[in-house]
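Thanks for coming. I will go through the sheets, then the helix pairs, then confidence.

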Amino acid sequence: MAPQDGNEQDKILPNEDVHVSQEQIDEQAQDVGTPIQAPQVAPQRRSQLTSGHPKELIIGSPTRGVTTRSRNTAAFVQAYSFVSNDDGNIVRNKARLVAKGYSQIEEINFGETFAPVARLEAIRFLLAYASHHDMKLYQMDVKSAFLNGYINELVYVEQPPGFEDPNHPNHVYRLSKTLYGLKQAPRAWYERLRDFLIEKGFTIGRVDTTLFTKKTDNDLFVCQVYVDDIIFGSTNEEYCTEFGKMMAKEFEMSMIGELTFFLGFQIKQLREGTFIYQEKYKRDLLKRFKMDDCKPIETPMATNTKLDPDESGIKVDQTLYRSMIGSLLYLCASRPDIMFSVCLCARFQADPKESHLTAVKRILRYLKHTPSIGLWYPKGASFELLGYTDSDFAGCRVERKSTSGGCYLLGRSLVSWSSKKQNCVSLSTAEAEYIAAGKRSRIPLLCDNESAVKLTNNPVQHSRTKHIDIRHHFIRDHVAKGDILLRNVGTKEQLADIFTKPLDESNFCRLRGELNVLDARTI
């Protein structure tokens with residue numbers, strides 16, 4: 001449909017090669033009188049227009065118009081307000097009907113099209129911080145977020161089939177604001193929101209550019225952005241109300257209220273702390289892979305499990321195997337207890353065998369046994385950052401490389417963890433744990449290998465250490481500078497042990513509890 005305001009509509013333009021400036025085009029767009037000659041827009045900084053585009057270079061049918069992710073064009077149009085029964089939506093999104101006959105050659109820097117996205121560690125860090133400071137978090141959603149960004153390029157799109165302007169059916173829309181499906185849309189929206197928040201006095205995070213904070217007297221306001229979802233909270237509840245009104249005035253928002261569900265996380269903000277779990281996701285996962293009626297088991301992996309390529313083994317469906325691994329990796333966002341097992345099985349995605357599939361199914365059986373387990377962030381605990389680092393020795397049966405494991409806690413809140421095969425072969429347990437420790441910095445580190453700790457404090461190179469790659473000795477420099485403090489911890493108190501090897505049920509459950517990975521039914 002055409003916009004009601006004639007100032008927003010260009011004229012019916014014949015397709016001729018007459019070069020004019022962009023200013024002339026805008027002036028001509030204001031006049032809805034008699035037809036004028038068609039301009040051929042001169043090349044711009046990031047895009048240019050040409051006529052007579054070779055048909056063999058067009059992907060799909062040129063007569064179909066814009067294809068969206070929705071199969072129902074009308075539903076897409078209604079949902080995202082590109083074109084709807086309200087003609088004013090076109091005016092609001094500043095899309096103009098201009099003469100058809102031009103094709104767009106995009107010259108876009110793809111590095112500038114991606115928007116920063118908050119890492120899951122940042123989300124967990126914010127939840128832990130809010131719980132410690134007794135700060136309730138809220139969530140709001142931006143309606144049609146990608147329609148709010150401004151674009152610098154000239155972008156033309158065809159009229160959606162069934163919604164053509166009856167007076168100008170052969171025209172296309174020229175956009176000055178973003179549209180769903182454009183590569184620039186995510187970053188354009190992020191930049192619009194960032195600039196708005198900075199203008200209102202917020203400070204952008206130096207490390208995490210999706211985190212915005214604002215201090216007023218002794219109160220703190222925090223805001224975490226994940227595309228079109230915004231989590232926010234404050235030590236003063238009044239600031240949350242003011243923030244909601246401020247955002248609603250600038251953007252079309254829908255206030256969801258207290259944070260209870262985010263990115264597949266189920267979140268309970270309780271009086272004693274915050275609990276994060278993915279019970280619904282886990283339940284759907286078991287159902288999808290037809291394991292909802294499987295026999296439960298107490299641990300995700302047997303202690304004697306030694307996976308290898310199993311060259312003579314029976315091949316299994318690679319697509320199914322990869323789908324299982326991908327689903328489980330996302331579940332690891334709140335289930336560190338399966339991190340090691342999933343990462344070990346993930347090494348064999350290129351050519352999975354029946355033995356590997358059996359190991360994956362055991363993980364699913366363990367999930368059946370622990371349906372409500374998640375992360376518990378208690379209130380009132382200390383808030384010092386503490387890390388644990390550990391490694392097995394030559395655990396990989398293929399390359400004899402060791403597996404490094406680590407976890408990081410803010411007080412008693414587990415916010416980050418890892419399990420990864422090392423890049424090089426270690427010749428001793430001390431070297432393996434020294435390399436593992438070298439991957440962490442700027443926090444107190446607890447290591448259960450006394451030799452690895454001594455290596456960091458010994459400035460003398462001798463025969464026992466000269467084979468260690470020089471890139472791993474930077475940990476010694478940081479210890480000397482006082483950036484980190486590496487301390488020895490007993491083997492039983494080494495919480496990172498759960499990320500390096502399969503454990504028996506007793507030790508596995510003990511370490512799981514020490515990490516505050518608890519059952520929701522016990523909280």
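Start with this open sheet: 5 strands in the order 14-15-16-17-23, with antiparallel pairing. Strands here are DSSP runs of E with at least two residues, helices are runs of H or I with at least four residues, and both are numbered from the N terminus. Two strands count as paired if DSSP finds at least two bridges between them. The edges are strand 14 (261–262) and strand 23 (517–519); each has a single partner strand, so one side of each is left without a neighbour in the sheet. Strand 23 runs antiparallel to strand 17 (residues 373–378), and 3 bridges join them. Leucine 375 has valine 517 in strand 23 as its bridge partner. Helix 4 (residues 120–132) packs on this sheet and touches strand 14, strand 15 (265–269), strand 16 (273–277) and strand 17. Contact means heavy atoms within 4.5 Å. The direction of helix 4 makes about 45° with that of strand 17. Angles run from 0 to 180 degrees between N-to-C directions, and axes are lines fitted to C-alpha atoms, for helices over the stretch in contact.

Before going on, the ground rules. This is a predicted model, in which local features need pLDDT of at least 70 and side-chain atom pairs count only at pLDDT 80 or more, while totals for chains, interfaces and linings use all residues. Residues are numbered from 1 along each chain as its sequence is written, and side-chain values use heavy atoms, with hydrogens and water left out.

Next, another open sheet, with 6 strands in the order 9-10-11-12-6-13, and the pairing is antiparallel. Strand 9 (203–204) and strand 13 (253–258) are its edge strands, each pairing on one side only. Strand 6 (residues 137–142) is joined to strand 13 by 5 bridges; aspartate 141 has serine 254 in strand 13 as its bridge partner. Helix 4 packs on this sheet too, touching strand 6, strand 11 (219–226) and strand 12 (229–234), at about 155° to strand 11. Helix 6 lies across strand 6, strand 10 (211–216), strand 11, strand 12 and strand 13, and runs at about 150° to strand 12.

Now the helix pairs. The axes of helix 5 (residues 185–199) and helix 6 (residues 237–250) come within 12 Å and cross at roughly 130°. That makes helix 5 oblique to helix 6; angles under 35 degrees count as roughly parallel, over 145 as roughly antiparallel, 65 to 115 as roughly perpendicular, and the rest as oblique. Arg192, Leu193, Phe196 and Leu197 of helix 5 meet Phe243, Met246, Met247 and Glu250 of helix 6.

Helix 7 (residues 279–288) and helix 8 (residues 318–331) have axes that come within 11 Å and cross at roughly 170°. These two are therefore roughly antiparallel to each other. Tyr281, Lys282, Leu285 and Arg288 of helix 7 make the contact with Ser327, Leu328, Tyr330 and Leu331 of helix 8.

Helix 8 also packs with helix 9 (residues 339–346), at about 150° and with axes 10 Å apart.

Last, confidence. The chain averages a pLDDT, the predictor's confidence in each residue from 0 to 100, of 74, and 62% of the residues score at least 70. Helix 2 (residues 73–80) is lowest, at a mean of 34, and helix 10 (residues 354–369) is highest, at 97. Residues 1–53 have pLDDT below 50, with 128 contacts beyond near neighbours in sequence. Where pLDDT is low, the predicted coordinates should not be read in detail.
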